Amino acid sequence: SEQWDIINSSADSILNEYHSGKRSKAAELTDFAETLKGISYRFGAADPKHGFDCSGFINYVYKQFDITVPRTSKEFTNFAKEIKLSEAKRGDLILFTGTDSTKRVVGHMGIITSNNGQSHEFIHSTSGKAYGVTITPLNRYYQGRFVKVIRVLNEDKI
């Protein structure tokens, strides 16, 4: 499809830039994730041609940078180093409960795209109103579901 061709060429240029070593892996990875905005949500999927669920999206993005991460959101619970929300940077992963926030089990996740000290935004594949890959502010709804932030990429410059 035309949308896929546009996404693919944009993603390719980011991956080429990454391989040149000009920017940090976290910056490139997040830029790459942002090229996937608009791809539809699909439970159990991890392929941009078919759609993504939340962990499928994370898995696909990290795989493009030769980084192996778990496939399900729950498996991220004890994966990587926990970071304070206030110290979260572009490229860190933000973990949430599922839609039932009384069950404090990781059931949703995204990649931090910004933290200006006041508010955070993250990119994720959601089955909610936005339905697909979108950037969302850490609003009251997600604050109530917040579990933790983890850093998979340990770099000096992020």
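I started with α3, which is mostly covered, with 9 of its 10 residues buried (buried is under 20% relative accessible area, exposed over 50%, partly exposed in between, with a 1.4 Å probe and protein chains only). The buried ones include Cys54, Phe57, Tyr60 and Tyr62.

Note on what I'm looking at: this is a predicted model, where local features need pLDDT of at least 70, side-chain atom pairs count only at pLDDT 80 or more, and totals for chains, interfaces and linings use all residues. Residues are numbered from 1 along each chain as its sequence is written, and side-chain values use heavy atoms, with hydrogens and water left out.

**Overall layout**

I counted up the elements: the protein has 4 helices and 8 strands (DSSP runs numbered from the N terminus, helices being H or I with at least four residues, strands E with at least two). Of the 158 residues, 47% count as buried.

**The sheet**

Next I traced the open sheet, whose 6 strands come in the order β3-β8-β4-β5-β6-β7 with antiparallel pairing (two strands pair if DSSP finds at least two bridges between them). β3 (81-83) and β7 (132-137) are at the edges with a single partner strand each, so one side of each has no neighbour in the sheet. On average, neighbouring strands are turned by 35° against each other, direction ignored.

Ile83 stands opposite Val149 in β8.

Back to α3 (residues 54-63): this helix packs on the sheet and touches β4 (93-97), β5, β6 and β7 (contact means heavy atoms within 4.5 Å). The direction of α3 makes about 50° with that of β5; axes are lines fitted to C-alpha atoms, for helices over the stretch in contact, and angles run from 0 to 180 degrees between N-to-C directions. Helix α2 (residues 25-34) lies across β5 (106-115), β6 (120-126) and β7, at about 110° to β5.

**Rings**

I found 10 aromatic pairs in the structure (rings of Phe, Tyr and Trp, the last by its six-membered ring, with centres within 6.5 Å; planes under 30 degrees apart are stacked, over 60 edge-to-face, the rest tilted). Phe52 and Tyr60 have ring centres 5.4 Å apart and planes at 45°, so I logged the pair as tilted. Phe52 is buried at 0% relative accessibility, and Tyr60 is buried at 16%.

Phe96 and Phe122 are also a tilted pair, 5.0 Å centre to centre with 40° between the planes. This pair links strand β4 to strand β6, 26 residues apart.

Last entry: ring pairs link Phe32, Phe52, Phe57, Tyr60 and Phe65 into a cluster.
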